[in-house]
Amino acid sequence: MDELQKKFIDITGVEMAFHTKKGVFPALQGIDLTVSKGEFITLIGHSGCGKSTLLNLIAGLLKPTAGLLICAGREIGGPSPERAVVFQNHSLLPWLTCYENIHLGVERVFSGAESRAQLRERTMDALALVGLTSAETKRLHEISGGMKQRVGIARALAMQPKVLLMDEPFGALDALTRAHLQDELLKIVAATKSTVVMVTHDVDEAVLLSDRIVMLTNGPAATIGEIIAVELERPRDRVALAQDARYTEHRRQVLEFLYRKQAHPAVAA
Ligand SMILES: Nc1ncnc2c1ncn2[C@@H]1O[C@H](COP(=O)(O)OP(=O)(O)OP(=O)(O)O)[C@@H](O)[C@H]1O
């Protein structure tokens with residue numbers, strides 16, 4: 001792996017302060033992080049510590065008050081289909097079909113360079129990737145929450161992003177659907193070799209999916225407290241992992257960080 005691939009996302013000295021009615025609120029400070037190409041990173045930390053803020057900075061939806069964010073050798077200057085985002089509320093258009101929701105994004109990115117047939121093929125490939133080929137013509141209000149989330153992931157992947165950014169993509173789903181989609185995401189990421197940064201609140205999700213778990217301290221002025229390298233070979237099987245001592249140890253490390261070292265002020269009091 002060359003230097004550019006090792007530092008595919010390169011974040012140095014990033015600070016984010018928000019101007020509020022009560023004055024300046026320092027959300028993040030001293031954020032240094034590199035993510036290599038093909039790596040799966042999760043961001044975990046207590047509510048309000050700044051996980052979404054960091055993700056939005058990488059997405060280019062926010063500009064840092066200090067520091068530098070680089071992706072694939074170029075400074076992140078704003079949002080780009082190179083860095084596709086999947087949100088918890090999937091932000092899809094409910095009156096359109098699954099196909100149309102994905103096709104909209106595909107058209108936006110590729111219509112200058114590709115024929116209508118190619119655009120259709122891209123859209124169908126993305127639907128197939130998330131197992132929704134048969135739901136092509138269904139409208140969003142006709143499908144379940146888990147299926148909507150899959151459409152959101154397909155829409156993001158269809159743009160062939162360099163980086164997939166996910167903000168609690170499975171947060172609103174029931175436990176079984178969530179487990180199913182985590183397994184699907186593992187397969188998709190293995191096939192597409194995507195670089196992923198994902199925000200989660202779920203310790204098991206973080207250990208199951210990640211190459212590294214980035215744990216943020218409590219805000220204000222949150223920063224990276226610890227990073228755990230998850231040394232579990234892939235493909236990963238959730239049932240086998242449940243009895244794996246390394247899995248349990250990683251889980252313990254995250255829990256210790258969250259509930260001992262960074263016990264939430266409200267909880268610690
Ligand atoms: N636009 C904004 N203006 C002012 N303050 C903000 C803004 N966006 C976020 N913040 C503050 O920055 C801090 C970090 O918010 P952020 O949403 O990144 O946290 P989070 O870790 O993603 O939280 P959660 O897990 O609850 O989603 C919070 O204190 C929040 O109130």
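Helix H3 (residues 98-110) has 13 residues, which at 1.5 Å a residue should span 18 Å. The end C-alpha atoms of H3 are 19 Å apart, which agrees. The model examined here is a predicted one. Within H3, the buried residues are Cys-98, Tyr-99, Asn-101, Ile-102, His-103, Gly-105 and Val-106. These buried residues pack against two other helices, H4 (116-129) and H5 (145-158).

The protein as a whole contains ten helices and ten strands. Its radius of gyration is 19 Å, close to the 18 Å that the globule rule gives for 269 residues, so the protein is as compact as a globular protein of that length. The C-alpha trace spans about 55 × 45 × 40 Å along the principal axes. Buried residues make up 38% of the 269. Among contacts with a separation of 6 or more, 71% are between residues 24 or more positions apart.

The domain assignment divides the protein into domain 1 (3-82 + 163-268) and domain 2 (93-160). The C-alpha centres of the two domains lie 26 Å apart. Eleven residues from domain 1 and twelve residues from domain 2 take part in the contact. On the domain 1 side, helix H6 (residues 175-192) supplies the largest share, five residues. That side of domain 1 divides into eight nonpolar residues, two polar and one charged.

Strand pairing was examined next. Strands of a sheet pair through backbone hydrogen bonds, either parallel or antiparallel. Strand E1 (residues 9-20) runs antiparallel to E2, and nine bridges join the two. One of the residue pairs involves Phe-18, whose bridge partner in E2 is Phe-25.

Strand E9 (residues 212-216) has parallel and antiparallel pairings. Strand E3 (residues 40-44) runs parallel to E9 and is joined to E9 by four bridges. Here Thr-42 has Ile-213 of E9 as its bridge partner. Strand E10 (residues 224-229) runs antiparallel to E9, with five bridges between them. Val-214 has Ile-227 of E10 as its bridge partner. Four of the five residues of E9 are buried, so this strand is largely enclosed by the rest of the structure.

His-201 lies in the loop between strand E8 (195-199) and helix H7 (203-209). There are 14 other C-beta atoms within 10 Å of His-201. A residue counts as buried at 20 or more such atoms and as exposed at 12 or fewer. His-201 is therefore partly exposed. With neighbours within four places in sequence left aside, His-201 is in contact with Glu-168 and Gly-171. The C-alpha atoms of His-201 and Val-254 are separated by 11 Å, with the two residues 53 apart along the chain.

Note on methods:
Residues numbered from 1 in each chain as written. Predicted model: local features only at pLDDT ≥ 70, side-chain atom pairs only at ≥ 80, totals over all residues. Pairing = 2+ DSSP bridges. Domains from an automatic or database assignment. Contact = placed C-beta atoms within 7 Å. Nonpolar A, V, L, I, M, F, W, Y, C, P; charged D, E, K, R; others polar. Expected span 1.5 Å × (residues − 1). Rg over C-alpha atoms; globule rule 2.2 N^0.38 Å.
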